[in-house]
Amino acid sequence: MSTDLQGALPTAAELDAADPLAEFRSHFELPDGIYLVGNSLGALPKAAREHVGIELDRWSTLGVEGHFTGHLAWKDYHHLVTEQLGALTGSQPGEVVAMNALTVNLHLLMVSFYRPSLQRHKILIESHAFPSDHFAAESQIRQRGFDPSESLVLVEPRDGEEILRPDDILAAIAEHGDELALVMLPGVQYYTGQVLPMADITSAGHEVGAMVGFDLAHAVGNVELSLHDWDVDFAAWCSYKYLNSGPGGVGGAFVHTRHVSDQSLSKLLGWWGTNASTRFEMATDFDAIPTIESWQLSNAPILPLAVLRASLDVIDRAGGVTALRAKSELQIDFFDRRLAETLGGRIENITPPRLEERGCQFALRVTNGDGKRVFEALEHARVLCDWREPDVIRVAPVPLYNSFDDIEQFVQILDGIVT
Ligand SMILES: *Cc1c(COP(=O)(O)O)cnc(C)c1O
């Protein structure tokens, strides 16, 4: 299906009728109204109730034996999602694990991959980094006895621009060269929705001898990723955004094969990182699992993992991130064109225009500066989206459960609100 036919933009109803993923909306429970905020909290997969119910029942009937009983044994439960997380991130076996939460994982991975020396001590992040990422980098620098005013490098958009120019990022990496220990950037920027060129950033970082890690909070389940082939050193993400694992859902982490069994890496240890076959002998010599699982500290949170399993199964049945992205590109195009036709001049979309540089999230700014009032009126009309200071309304049509009609309704409601 092409939407490029001159003057012939199909209607939302036509696009929904031709959408091979349309039925997947029925696999989710959505709040009343128009839910366009899956970039912040993904929708509830219906099957989560069953998956969580099974674990509650197993707990009730098996008690502690649930750790060791059957194919859902809790001691191995986290393995049930690794293959699907591998497919979503372009990872090889042994490179990916579901554990902890995002910021915790960033810290654990920085313990290993930020190894400052007097000569090479800088971390490069973006000036508009999500505050948690900024705090994590800053506190890691202090923790090693360095000073963020000297060791934290911020790349920023040029004056009057919103979007980071890829060339500026690469130039900053080259400029700090042999003082740069770590590059830590988002795969998709949370505010503007910009997709950063992860492969180019990784090679630029490696060129100067730095480690390169990505925060994939807004990337995983949204855009296609090839972490292994891009040679990324490490990555971390949360799963409650596009992976629909529910509030506080379990995070994920990636470490490239070439590092996973490197015993010289500094690491914080816990009993879930040691050889599973001897773990319960309670010996105190750490026998590192030769995969990313050696970064695990604690036994896995089963109930959040049960929700994640439910969601990953739906994503699989929809055809994985490739199928989702194909629909997303049609939705982006439809949304762009309906915004331009209906609200051109009244709404500015600060998301990069090129498809390769954006995921499903739109960052909209009300041209006359009336954004906060417009956002409140949207809330009043039961459009669920979000406001990010200083002046952006974020709206994300999620291909797994949002229809083209959701986009059409949003555009019409917005048209009625923005003067
Ligand atoms: C959502 C998000 C977070 C949230 O961190 P948690 O540890 O999951 O609370 C952090 N960083 C980025 C870039 C995010 O988008």
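By class, the shell around the ligand in this predicted model consists of 5 nonpolar, 2 polar and 3 charged residues. The residues that surround the ligand are L102, T103, F130, D133, D215, A217, H218, C238, Y240 and K241. Three of these side chains can be described by their polar distances to the ligand. In T103, a side-chain N or O atom is 2.6 Å from an oxygen atom of the ligand. For K241, a polar side-chain atom lies 2.5 Å from a ligand oxygen atom. D215 has a polar side-chain atom 3.3 Å from a nitrogen atom of the ligand. On its own the ligand has 390 Å² of accessible area, and the protein covers 83% of that.

D215, part of the ligand shell, also belongs to strand β8, which spans residues 211-215. Strand β8 runs parallel to β9, and 3 bridges join the two strands. Across this pairing, F214 stands opposite A235 of β9. Strand β9 also pairs with strand β10 (residues 252-255), here in the antiparallel sense and over 4 bridges. In that pairing F234 has V255 of β10 as its bridge partner.

The side chains of β9 itself come next. In a regular strand the side chains alternate between the two faces of the sheet. In β9 (residues 234-237), F234 and A236 point one way, while A235 and W237 point the other way. All four residues are buried.

Is T274 buried or exposed? Its relative accessible area is 12%, and because the cut-off for buried is under 20%, T274 counts as buried. The T274 side chain reaches the backbone nitrogen of D287 at 2.9 Å. With residues up to four places away in sequence left out, T274 touches R279, D285, F286, D287 and I289.

V411 is part of helix α14, which covers residues 404-417. At 0% relative accessibility, V411 is buried. Which residues does V411 touch, not counting those up to four places away in sequence? They are F335, R338, L339, T342 and L343. One of them, T342, is 69 residues from V411 in sequence, yet the C-alpha to C-alpha separation of V411 and T342 in space is 7.4 Å.

Technical notes: Residues are numbered from 1 along each chain as its sequence is written. This is a predicted model: local features need pLDDT of at least 70, side-chain atom pairs count only at pLDDT 80 or more; totals for chains, interfaces and linings use all residues. Side-chain values use heavy atoms; hydrogens and water are left out. A residue is near a molecule or strand if one of its heavy atoms lies within 4 Å of it. A polar contact is a pair of N or O atoms within 3.5 Å; within protein, one must be able to donate a hydrogen and the other to accept it, and residues adjacent in sequence count only if both atoms are side-chain atoms. Accessible areas come from the Shrake-Rupley method with a 1.4 Å probe; for residues, only the protein chains shown count as cover. Ala, Val, Leu, Ile, Met, Phe, Trp, Tyr, Cys and Pro count as nonpolar, Asp, Glu, Lys and Arg as charged, and the others, Gly among them, as polar. Buried means under 20% relative accessible area, exposed over 50%, partly exposed in between (1.4 Å probe, protein chains only). Contact means heavy atoms within 4.5 Å. Two strands pair if DSSP finds at least two bridges between them.
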